[in-house]
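Hi,

Here is the structure I promised to pass on.

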Amino acid sequence: MTFRLRFSFSEQDRAALLSHLEVQRALQRLVRRAALPFALSQGFSPHMKLATGPALPVGVASLKEYAEVELDRFVKPAEALARLQHAAPPLLPVLDCAYVAPTEPSLDSWFNRQACEFTTCAKQEELRQHFESVCAGPELEVVRKGKVKRYLPSEFVVGPVVLTGEAERTTARFVLRMKSTGSLRADLFAAALLRPFKITPYEAGLCRVDLYHEED
């Protein structure tokens, strides 16, 4: 019998420059340093049973990401959290942890919404108008492994943009739908929003602020 321990962590500052694979490797080292009794897979090359949520684009920070590790022995949540937080590197602080039922869906399949935000010097009304234009506009293109993929923004954007701030410092928050068949990357969408203002998503501090599940 194994136990699914789910924990949350953040990726801030230089941690945003790590690839998804590098984050997974760092989390594996974290679990080992925390001396948690992790379970191993079967086969010729046993490995730690650790899974993460939807990949975060390189250069994008996050306030809260999620990972799960299977343990072959029960450890009290408070003790597991203390061990993880003590062993966590400064760039990947652990925020919380809890056990989930064996029947719960995987992290990658459960999350279908992501909320992101960035801060720019663009005026709110100009940014709002351009947001509506991008959402109603043509497909956005991205090249991956030599292949061109196209995404229609209207199929992924959920609701209007939320703008806050004063004068020439505006924070824009938007929500994107994530699909099992493929998702519009937050950095690609943010780049389209910021193109008229000649600012990159990374200069604007693009950050994923929330991951959650919402029924269609």
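Domain bounds here come from an automatic or database domain assignment. For this chain, that assignment gives domain 1 (3–108) and domain 2 (111–212).

Before the details, some housekeeping. This is a predicted model, so local features need pLDDT of at least 70 and side-chain atom pairs count only at pLDDT 80 or more, while totals for chains, interfaces and linings use all residues. Residues are numbered from 1 along each chain as its sequence is written, and side-chain values use heavy atoms, with hydrogens and water left out.

**Overall layout**

The C-alpha trace spans about 55 × 35 × 35 Å along its principal axes. Its secondary structure comes to five helices and 10 strands; these are DSSP runs numbered from the N terminus, with helices being H or I of at least four residues and strands being E of at least two. Of the 216 residues, 44% count as buried. Buried means under 20% relative accessible area, exposed means over 50%, and partly exposed is in between (1.4 Å probe, protein chains only).

The C-alpha centres of the two domains lie 27 Å apart. Where they meet, 16 residues of domain 1 are in contact with 10 residues of domain 2, a contact being heavy atoms within 4.5 Å. Looking at contacts in the chain with a separation of 6 or more, 73% are between residues 24 or more positions apart.

**The cores**

A nonpolar core is a set of buried Ala, Val, Leu, Ile, Met, Phe, Trp, Tyr and Cys residues joined through side-chain atoms within 4.5 Å. The largest one has 29 residues, and those touching the most other members are Phe118, Phe131, Phe174, Leu184, Phe189 and Leu206. At least two residues each come from β5 (113–120), α4 (124–136), β6 (140–144), β9 (169–177) and α5 (186–194). The largest share, seven residues, is from α5.

That helix is worth a click. Eight of the nine residues in α5 are buried, namely Ala186, Asp187, Leu188, Phe189, Ala190, Ala192, Leu193 and Leu194. They pack against β5, α4, β6, β7 and β9.

Leaving aside residues up to four places away in sequence, Phe174 touches Gln114, Ala115, Cys116, Phe118, Phe131, Ala186, Phe189, Ala190, Leu193 and Leu206. There is also a second, separate core of 26 residues, with Ala34, Leu81, Ala88 and Leu92 among them.

**The largest pocket**

For pockets and cavities, a 1 Å grid was laid over the protein atoms alone: a cavity is a set of points where a 1.4 Å probe fits but cannot get out, a pocket is an open set with protein on both sides within 12 Å along at least five of seven lines, and lining residues have an atom within 4 Å of a point. Grid points are joined across faces, edges and corners, and a volume is the space filled by probe spheres set on the points.

The largest pocket holds about 590 Å³ of space. It is lined by 27 residues, and the closest to its centre are Pro54, Ala55, Asp108, Met178 and Ser183. Two or more lining residues come from each of α3 (107–110) and β7 (147–151), and α3 gives the most, with three.

What is the lining made of? It divides into 11 nonpolar, 10 polar and six charged residues. Here Ala, Val, Leu, Ile, Met, Phe, Trp, Tyr, Cys and Pro count as nonpolar, Asp, Glu, Lys and Arg as charged, and the others, Gly among them, as polar.

Of its 14 lining residues, Glu11, His20, Val23, Leu56 and Glu65 lie nearest the centre. β1 (3–11), α1 (20–33) and β3 (61–71) each give two or more residues to that lining, and the largest share, three residues, comes from α1. The cavity lining divides into nine nonpolar, three polar and two charged residues.

Ala35 has a positive phi of about 55° although it is not a glycine, and sits in the loop between α1 and β2 (50–52). Lys198 also has a positive phi, near 55°, in the loop between α5 and β10 (207–212). Lys198 is exposed, with a relative accessible area of 77%.

Cheers
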